[in-house]
Amino acid sequence: MTDTTPRVALERRGPILHIRLDRVGKRNAADQRMLHELALAYGELDRDPALRVGVVSAAGDHFTAGLDLADIAPRIATGRPELVPEGGLDPWGLQTRPVSKPVVLAVQGTCFTLGIELALASDVVVAADSTVFAQLEVARGIMPFGGATVRFPRLGWGDAMRWMLTGDRFDAAEALRIGLVQEVVPHGTELERALALAERVAAQAPLAVQATLAAARAAQPATTDAVAGLLPAVQRLAATGDARRAAESYLTATPVAFEGS
């Protein structure tokens, strides 16, 4: 795959914009190009009055392996990464305002780190029964910075801490139990179900849908300070010896012994 190969495919289905991650060879791991293209897709969804709902899915067997650390980690360590280009909106709703239209997510296979955070930032999530989730950052010497520390605890403090502080993997049934996903369906039917739900939303009065979404968001606790501190905190962690040791461990497939420095 060359640097110019698109990472995100768009398909208009009437009032629905289908946004598909498409970097199958890397298990849809997100490099800067993918993040830019995804942000531009959210910008298009937001601006176009003919579009009422977004559906986000991923090509291949896996939703996403998370960040492509080889591409993103150096950008984090050396300064503020430029993840939202002009005309785009942050899909995680942290660096810009969130998209004003509802988003339905369809996930399958591996759904790690920023995949969980995209689920937390979306409005309805459908998971294939094959899906395996993990918020792995602590095992890599860093911390979640795509909104998990802000939104995951809203589902329940103990459940959020159980998965964020261990980096352990959990299945679709557990994701349903804790409220991370709203439906679990047989593998291969998740996109069909997500599109069906999006069609139901798109059939309603669009201004009423958007006003309902905005009102519900306004009722959420203010998190401005927490969000503002995410990138500085992860930049400090990325410069630690533990982060370096975790990166070396990942490359060599050997166990890592964290030292707290």
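1. Let's start with the second largest cavity, which is lined by Arg52, Val201, Ala202, Gln204, Pro206, Val209 and Gln210. A cavity here is a set of points, on a 1 Å grid over the protein atoms alone, where a 1.4 Å probe fits but cannot get out, and lining residues have an atom within 4 Å of a point. The space inside this one comes to about 30 Å³, where a volume is the space filled by probe spheres set on the points, with grid points joined across faces, edges and corners.

2. A word on the model before going on. It is a predicted one, in which local features need pLDDT of at least 70 and side-chain atom pairs count only at pLDDT 80 or more, while totals for chains, interfaces and linings use all residues. Residues are numbered from 1 along each chain as its sequence is written, and side-chain values use heavy atoms, with hydrogens and water left out.

3. Which helices supply at least two residues each to the lining of the second largest cavity? They are helix H7 (190–202) and helix H8 (206–218); helices (H or I, at least four residues) and strands (E, at least two) are DSSP runs, numbered from the N terminus. H8 has the largest share, with three residues. By class, the lining holds four nonpolar residues, two polar and one charged. For these classes, Ala, Val, Leu, Ile, Met, Phe, Trp, Tyr, Cys and Pro count as nonpolar, Asp, Glu, Lys and Arg as charged, and the others, Gly among them, as polar.

4. The whole structure has two cavities of 30 Å³ or more, and the largest cavity contains about 50 Å³ of space. Its lining includes Leu21, Asn28, Ala30, Phe63, Thr64 and Trp92. Helix H1 (32–47) and helix H3 (114–121) are the elements that give two or more residues to this lining, and H1 gives the most, with three. The lining of the largest cavity has nine nonpolar residues, two polar and no charged ones.

5. Strand E4 (residues 103–107) is worth a look next. Five of its five residues are buried, so the strand is largely enclosed by the rest of the structure. Buried means under 20% relative accessible area, exposed means over 50%, and partly exposed lies in between (1.4 Å probe, protein chains only). Val103, Leu105 and Val107 cover one side of E4, with Val104 and Ala106 on the other.

6. What are the pairing partners of E4? Strand E3 (residues 53–58) pairs with E4 in the parallel sense over three bridges, and Val56 has Leu105 as its bridge partner in E4. Strand E6 (residues 124–128) also pairs with E4 in the parallel sense, over four bridges; here Val107 has Ala127 as its bridge partner. Two strands pair if DSSP finds at least two bridges between them.

7. Asp68 sits in the loop between E3 and helix H2 (69–78). Is Asp68 buried or exposed? With a relative accessible area of 15%, Asp68 is buried. Its side chain joins that of Arg23 through a polar contact of 3.0 Å. A polar contact is a pair of N or O atoms within 3.5 Å; within protein, one must be able to donate a hydrogen and the other to accept it, and residues adjacent in sequence count only if both atoms are side-chain atoms. Not counting residues up to four places away in sequence, Asp68 touches Arg23, Ala29, Ala30 and Asp31, contact meaning heavy atoms within 4.5 Å.

8. Finally, Thr149 lies in helix H4 (residues 148–151) and is partly exposed, at 31% relative accessibility. Leaving aside neighbours within four places in sequence, Thr149 is in contact with Met143, Pro144, Met164 and Leu230.

Definitions and conventions. 1 Å grid on protein atoms, 1.4 Å probe; cavity = no way out; pocket = protein on both sides within 12 Å on 5 of 7 lines; lining within 4 Å.
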